Structure formats: C-alpha cells, structure tokens
Amino acid sequence: ADRFVFERTNTTLRANSAFAEWMPALKDSVSVGQHTVEEVISNCTYRIRRDPRDAIAFLERGRAFGRKGNTGSAINDFCEAIRLNPQDPDAFYGRGWAHFTEGNSEKAVADFSEVLKLTAGRVASLNVRSLCFLYNSRGQAYTELNDNDHAIADLDKAIELCPDDAA
C-alpha cells in the first residue's frame with residue numbers, strides 16, 4: 001500500500017518524489033538493468049551462499065523482497081544486514097519501512113530514528129530530499145501511534161527542508 005503522503009491540517013507533504021531519491025534501491029535498483037525482482041533475489045541468494053557475511057547481498061535481497069510484498073522475508077534480510085553491518089543506515093531504513101508496511105509503527109519509529117543517529121555526523125551523505133522523506137516517514141509512523149506532537153514536529157521538519165513539496 002502506498003503510504004507516502006502524510007496530511008496535517010490543510011498541508012500535505014508530497015513525499016513520492018523524495019521517496020525516489022531516499023532509497024534508490026527501493027524504487028528501481030531491484031530492477032537494475034533488465035533484472036526482475038526474482039532475478040535479484042536469486043542472484044543475492046547465490047551471493048549469500050558463497051559468502052554468508054555479504055551484508056550488501058542481504059540488503060539488496062531485503063529490498064527485493066520488500067518490492068515483491070514479502071515484508072517478513074525483507075525484515076529477516078534487513079536484520080541480517082544490520083547484524084553484519086550495524087552502521088548501515090540503508091538497512092535500518094529498509095527494515096523500518098517494512099515494519100511500517102506491516103503496521104508495526106513502534107519498530108518503524110525506532111529504525112527511522114536510528115537512521116538519523118547514524119547519519120547525524122555525515123548529513124552531507126543524505127541529500128535534503130532524502131532527509132525530508134525520512135522525517136516524513138517517521139512522522140507517518142508517529143501518526144499511527146497517535147503521537148501527534150512528534151508526528152507534527154517531524155512533518156514540520158520535512159516541510160522546512162522541502163517547502164516546495166508542501167501543497
């Protein structure tokens with residue numbers, strides 16, 4: 001389900017455009033070149049069999065499982081990617097989005113917050129639109145938890161970062 005748009009009073013943040021920039025792998029890299037999601041899963045499974053410490057293969061396969069709608073397998077692979085590389089914000093973001101998709105907003109907030117912690121010293125590695133989408137995603141999760149104060153704070157931060165995306 002597309003849950004990329006968060007509404008607050010009369011202001012809507014259009015996050016779809018930022019989503020494409022935040023995690024390129026969640027938009028099209030599971031279709032790198034002409035590969036299908038199934039081919040990516042197969043390729044990553046092969047890589048994992050050859051090297052069970054290949055955190056990137058777990059991350060990519062988790063993204064592919066997410067694109068396929070298999071959030072349980074996606075979460076498992078993101079967890080393994082995090083175990084192998086606990087400093088990878090992409091794995092935390094992917095797992096957070098999978099948790100959010102499954103309706104586990106509390107875990108989503110924790111993972112989105114971890115992304116902010118991991119990137120705090122290197123915010124330059126995230127473009128502004130990516131950061132905007134991250135705050136928007138966490139704001140949505142806070143909304144699901146009925147934590148309106150945190151939801152509004154995150155949405156306000158997203159709008160501050162990307163005023164052109166606010167309608």
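The dialogue below goes through helix packing and helix length in a predicted model.

User: What kind of model is this, and how are residues numbered?
Analyst: This is a predicted model, where local features need pLDDT of at least 70 and side-chain atom pairs count only at pLDDT 80 or more, while totals for chains, interfaces and linings use all residues. Residues are numbered from 1 along each chain as its sequence is written, and side-chain values use heavy atoms, with hydrogens and water left out.

User: At what angle do the axes of H4 and H5 cross?
Analyst: Axes are lines fitted to C-alpha atoms, for helices over the stretch in contact, and angles between N-to-C directions run from 0 to 180 degrees. Helices are DSSP runs (H or I, at least four residues), numbered from the N terminus. Helix H4 (residues 55-68) and helix H5 (residues 71-84) have axes that come within 8 Å and cross at roughly 160°. H4 and H5 are therefore roughly antiparallel (angles over 145 degrees).

User: Which residues of H4 and H5 make the contact?
Analyst: Contact means heavy atoms within 4.5 Å. Among them are Phe58, Leu59 and Phe65 of H4 and Ala74, Phe78 and Leu84 of H5.

User: At what angle do H6 and H7 pack?
Analyst: Helix H6 (residues 89-101) and helix H7 (residues 105-119) pack at about 160°, with axes 8 Å apart. H6 and H7 are therefore roughly antiparallel to each other.

User: How many residues of H8 are buried?
Analyst: Buried means under 20% relative accessible area (1.4 Å probe, protein chains only). In H8, 13 of the 17 residues are buried. After H8 comes Asn146, with a positive phi near 60°.

Conventions
Helices (H or I, at least four residues) and strands (E, at least two) are DSSP runs, numbered from the N terminus. Angles under 35 degrees count as roughly parallel, over 145 as roughly antiparallel, 65 to 115 as roughly perpendicular and the rest as oblique. Buried means under 20% relative accessible area, exposed over 50%, partly exposed in between (1.4 Å probe, protein chains only).
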